[in-house]
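Please look through the model shown here and follow the report alongside it.

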Amino acid sequence: MPVVSTLSPQLGALLHADPGEQVADLDEQMLIRLLRDSGVLVFRDFPASPEVFQSLTERFSSEFLQHGISNRPQLKEGDNYTNLANIGQFPLILHSEMSYFPVSPQLLWFYCVTPAESNGETTLCDGSELLSRMTREHVAFFRQRRLMYTYPTPEGESGFFGRFSPDDVNHRLQAESSFEYRRCPTAEIMDHLSSFYPASVAENLRPLLLSRADNFDPVVFPSMLMVKYITPAIRRTRLSEKEAFVNSAIQFFPNKRFHSLIYDETGAKLDASMMAELLELAEECTYAHPWQEGDMVMIDNTRVLHGRREFQDTRRTIQTRMSMANFD
Ligand SMILES: [Fe+2]
């Protein structure tokens, strides 16, 4: 039996291997109970490899998802669902993985091949805890107005949709969310923005698209999808009875590149002081996980937000997988 301790006062469970113990030996129901209670599991000092990591994830998953953004190198070995989470060394603000997209993973997995010599921690914040600390006014705002994610994305595997078609996405849409899209030739995207998006959104998207024109070369990507995805910021978590503030708003809002992609459902910009307060509040209940070689991590992505601290050591190598859970 592994020694189980609390990962931090805020969240998580740390499972420390007994000598010779394998993750494959661990009881599935025990792990599911622990995940339900704590939101995050860290497996430490178990024999680890890409194969062990993949098979750990397979025991708890009914389906694996690919990230719709292709700048994450894919591991050549294995089943093509393991990616390297090594885009740059900059810090990443807390977010729920792919929550801007109607099909987002229920489980997020990490495996530390090589930690950074210093810094580079993965940050974790329990969205239920965050919700319980939010002011009544902010909770009321998000209960009244859902979030609207707006983004034009290349169609096909290089865009947010990856292997999904808009129809697949519609079939999987949660009851409280809505999703609208329009397809248009990439070369004409600028002409179509204002007929699809509210005027203020179209206005904000224009400079973003111009600054990233190279990403939308019509020869490489002949068609684009313009998307409006409206979904609650506060959701019921999948495993616990709790609700959580779990979304990408606090990551997108302060980010220059993503700022134009997030609004409330009426198309109004989110209030800057509310978002600054939320970010500060989230930071107060954030645990920064210092990686140790071989750590494997299982995260309930419907409840726990994650991010990253800055680092310098380019050897830092973290593998990641995303999946739908095969348990309730
Ligand atoms: Fe992420």
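The buried residues of helix α7 are covered by parts that include β9 (147–154), α6 (189–196) and β14 (262–264). This is a predicted model. In α7, the buried residues are V201, A202, L205, L208 and L209. An α-helix has 3.6 residues a turn, so residues three or four places apart point the same way. Helix α7 (residues 199–211) has 13 residues, and from its first C-alpha to its last it reaches 19 Å. That is close to the 18 Å expected at 1.5 Å a residue.

| Pair | Geometry | Centre to centre | Angle between planes |
|---|---|---|---|
| Y100 and Y151 | edge-to-face | 6.1 Å | 90° |
| F252 and F258 | tilted | 4.9 Å | 45° |

Why does the pair of Y100 and Y151 tie together parts that are apart in sequence? Y100 lies in the loop between β6 and β7 (107–114), whereas Y151 lies in strand β9, so the pair joins parts 51 residues apart in sequence. Y100 has a relative accessible area of 7%, so it counts as buried, the cut-off being under 20%. Y151 is buried too, because its relative accessible area is 1%. F252 and F258 are also buried.

The metal site is next. Which protein atoms are donors of the iron ion? They are NE2 of H95, OE of E97 and NE2 of H306, and they lie 2.0 to 2.3 Å from the iron ion. Along the sequence the donor residues follow the spacing H-x1-E-x208-H. H95 sits in strand β6 (residues 92–95) and H306 in strand β17 (residues 304–308), so that pair links distant parts of the chain, 211 residues apart. Both H95 and H306 are buried.

The nonpolar cores remain. The largest one has 77 residues, and V40, F101, L130, F142, F245 and M275 have the most contacts inside it. Strand β11 (residues 223–231) supplies the largest share of this core, six residues. Domain 1 (3–127 + 285–325) and domain 2 (129–280) each give at least three residues to this core. Leaving aside neighbours within four places in sequence, M275 is in contact with F142, A249, I250, F253 and L270. A second, separate core has 24 residues, among them A13, A17, L41 and F327.

Key:
Residues are numbered from 1 along each chain as its sequence is written. This is a predicted model: local features need pLDDT of at least 70, side-chain atom pairs count only at pLDDT 80 or more; totals for chains, interfaces and linings use all residues. Side-chain values use heavy atoms; hydrogens and water are left out. A nonpolar core is a set of buried Ala, Val, Leu, Ile, Met, Phe, Trp, Tyr and Cys residues joined through side-chain atoms within 4.5 Å. Buried means under 20% relative accessible area, exposed over 50%, partly exposed in between (1.4 Å probe, protein chains only). Helices (H or I, at least four residues) and strands (E, at least two) are DSSP runs, numbered from the N terminus. Domain bounds come from an automatic or database domain assignment. Contact means heavy atoms within 4.5 Å. Donors are N, O and S atoms within 2.8 Å of the metal (3.2 Å for Na, K and Ca); water is not among the atoms, so sites may look incomplete. The expected span of a helix is 1.5 Å times one less than its number of residues. Rings of Phe, Tyr and Trp (its six-membered ring) pair if their centres lie within 6.5 Å; planes under 30 degrees apart count as stacked, over 60 as edge-to-face and the rest as tilted.
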